[in-house]
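Here's a quick briefing to read alongside the sequence and the 3D view. Have both open as you go through the points.

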Amino acid sequence: MTGPRWLAPLAALGGLLVLLPLAGLIARVEWTDLWSLVTSEASLTALGLSLRTSVVATVATLVLGVPLGFVLHGMRGPLRGLLRAVVLAPLVLPPVVGGLALLYAFGRRGLLGEELGGSVAFTTLAVVIAQTFVAMPFMVVSVESALAARSGRHEAIAGTLGASRTRVLTRVTLPALGPALATGAVLAFARALGEFGATLTFAGSLEGVTRTAPLEIYLVRETDPAAAAALSLVLVAVAIGVVALAYRPLRGAA
Amino acid sequence: MTALEARVRVPARGVDATVEVAAGGTLVLLGPNGSGKSTVLEAVAGMVPGADVRVTLDGVDAPRAPRDRRIGLLSQDDALFPTMSVRDNVAFGPRSAGASRAAARAEADAWLARVGLDGLGDRRPGALSGGQARRVAIARALAAAPRVLLLDEPFAGLDVVVASEVRGLVAGLLAGVTAVVTTHDALDAYALADTVAVMDSGAVVEAGEAVEVLTRPRTRFAARMGGRVLVEGTMRGGALEIAAGVRVPVSGGPGAGVPAAVAAHPGAVALAWSEPPESRASGSAWVADAVRGLEPRGDVVRVHGALLAADVPVEVVGGIAAGTPAWFGVPRGLEAYALTAGAPAR
């Protein structure tokens, strides 16, 4: 569908709003030193930590977010709307607030502080928890809307063919959800990779332990702007690359 | 082989029907679109939430969970799993029953050969023609070794040649399998049925041996589904009295005064607009009626009156409107049968 013509200048403005900052960033990059800046020890440590924690967090959103999507899809009535709002809250919550909330739950003096044998705060695990916390809604929304678009017919037929519920899930439903899972995973990974506020609040900024690439960028942005720009460029490239490769727009209502 | 008996009530869809099939037999559920046939099948398979269904297999209540019920359903949309190869689709039942991957695949290939799709196992369902997809769905349903197989309009949506081929295939494969087949086509009933149940508006209006229901229908609806027109009346001597003074000579039939009927082919019923031809000469008994509706049926038009119907060439009905008086000529000497419930049919 093509909209009226007056949409075009607005669309151009919107595009510029995204493009200009990227252009500004790229203009700041010192291309001759790019390689040495990106491969400096601090940069590599931060990047490596970011990639590792983001991958683990993405797996966690799959393991936890997919079941949540199923449960939401299976619920009826006002309770469903309420639970959905709660589960999706990290999408709209300021990340700092999320980090504080995590601290009050899993920190030393938090709800589960003692049960967890001290504190998980300020560890690499805390980074993963913070990333999973903010990224999981993407997976839940993706799975729930994909399930809503299914008629359930294939599942019913699979039942008449003698398949158990687990078999129906693993052989019929999940393969059919493939594109939605990929979309959810890509969005979750990109969100985890960019996580800053909740990580800083809940996990701190210990080099090699919790200092992910965004934190490193923030740390060196004044002392070493060239390094910050180089590292930023890497994050931008990874984010755009991943989204371009695997993201397909969600179908159906969220 | 398993005998099936099912009582299906789905108030939301206005369905309340009972179906019975003898072990190894084929019941054809004959009815127009929207008569509730598919709902009955899906409910028996355990796929309709909120349905009040009682299914007994060999007189024992069937388990509630579809996977334990082992009643297979061949649905109109085939519902092949798009993410699996054709072979894995067919192997799905055996694998679910615990067969090893290799055994299930060998069985799937054997079934694919049986339905004439040798060598197509590696294809994806999306790369199949309509007829091939239907064959895969048939193979998948049978490979699961169901106690009862339900086939929902198995030849719908296929072109004439392919439908004939698949009909022949199904007729062969259903030998010895307890099956229920829904259709709106009398041809399927003649080709497959041991018994026939005619459905109208969610209820079974007539059921019995296939030949009996198809050639000696007791309701006008069943007659129409079987491709006939029911001429009802009362026996008076060797004739069927349709209305006061209107008699059609018949052969056989019950004694005088008993309600009876003949089931004529609409193609054999003659039609005249003005005065009927001389009865004796034309070989038909003429009944005055009026046109109620015109039903296009390919190269003929079925002219429906209040009592009778006749198939005539299209050009005959040009400019004819409802209410036009018409004479229907019923062939003399059709076999009459009693309409009294429980009475012998001759």
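Two salt bridges, by the rule used, run across the interface of chain B and chain A. Keep in mind that this is a predicted model. One salt bridge pairs A:Arg153 with B:Glu42, and their closest N and O atoms sit 3.2 Å apart.

**Polar links and the elements behind them**
- The rule also picks out 5 residue pairs in polar contact across the interface of chain B and chain A, both residues being at pLDDT 80 or more.
- On the side of chain B that touches chain A, the elements giving two or more residues are helix H2 (66–69), strand S6 (71–74), helix H3 (86–96) and helix H5 (130–143) of chain B.
- H3(B) supplies the largest share of that side, with 5 residues.

- Contact between the chains involves 23 residues of chain B and 16 residues of chain A.
- About 1700 Å² is buried between chain B and chain A, and carbon and sulfur atoms give 63% of that area.
- Within chain B, the most area is lost to chain A by B:Met47, B:Arg67 and B:Phe92, which together make up 31% of what that side buries.

**A nonpolar patch on chain A**
- A:Trp6, A:Leu7, A:Leu10, A:Leu13, A:Leu16, A:Leu19 and A:Leu20 make up a nonpolar patch on the surface, and their accessible area together is about 760 Å².
- One of these patch residues, A:Leu19, is part of helix H1 (residues 7–28) of chain A.
- A:Leu19 counts as exposed because its relative accessible area is 54%, and the cut-off for exposed is over 50%.

Methods
Residues numbered from 1 in each chain as written. Chains lettered and ligands numbered in written order. Predicted model: local features only at pLDDT ≥ 70, side-chain atom pairs only at ≥ 80, totals over all residues. Heavy atoms only, no water. Patch = residues over 30% accessible without salt bridge, like charges linked within 9 Å, V, L, I, M, F, W, Y side chains within 5 Å. Areas by Shrake-Rupley, 256 points an atom, 1.4 Å probe, with all protein chains shown as cover. Salt bridge = Lys/Arg side-chain N within 4 Å of Asp/Glu carboxyl O. Helix = DSSP H or I, 4+ residues; strand = E, 2+ residues; numbered from the N terminus. Buried < 20%, exposed > 50% of the residue type's maximum accessible area, 1.4 Å probe, protein only. Contact = heavy atoms within 4.5 Å. Buried area = accessible area lost by both parts, 1.4 Å probe. Polar contact = N/O pair within 3.5 Å; in protein donor to acceptor, adjacent residues only side chain to side chain.
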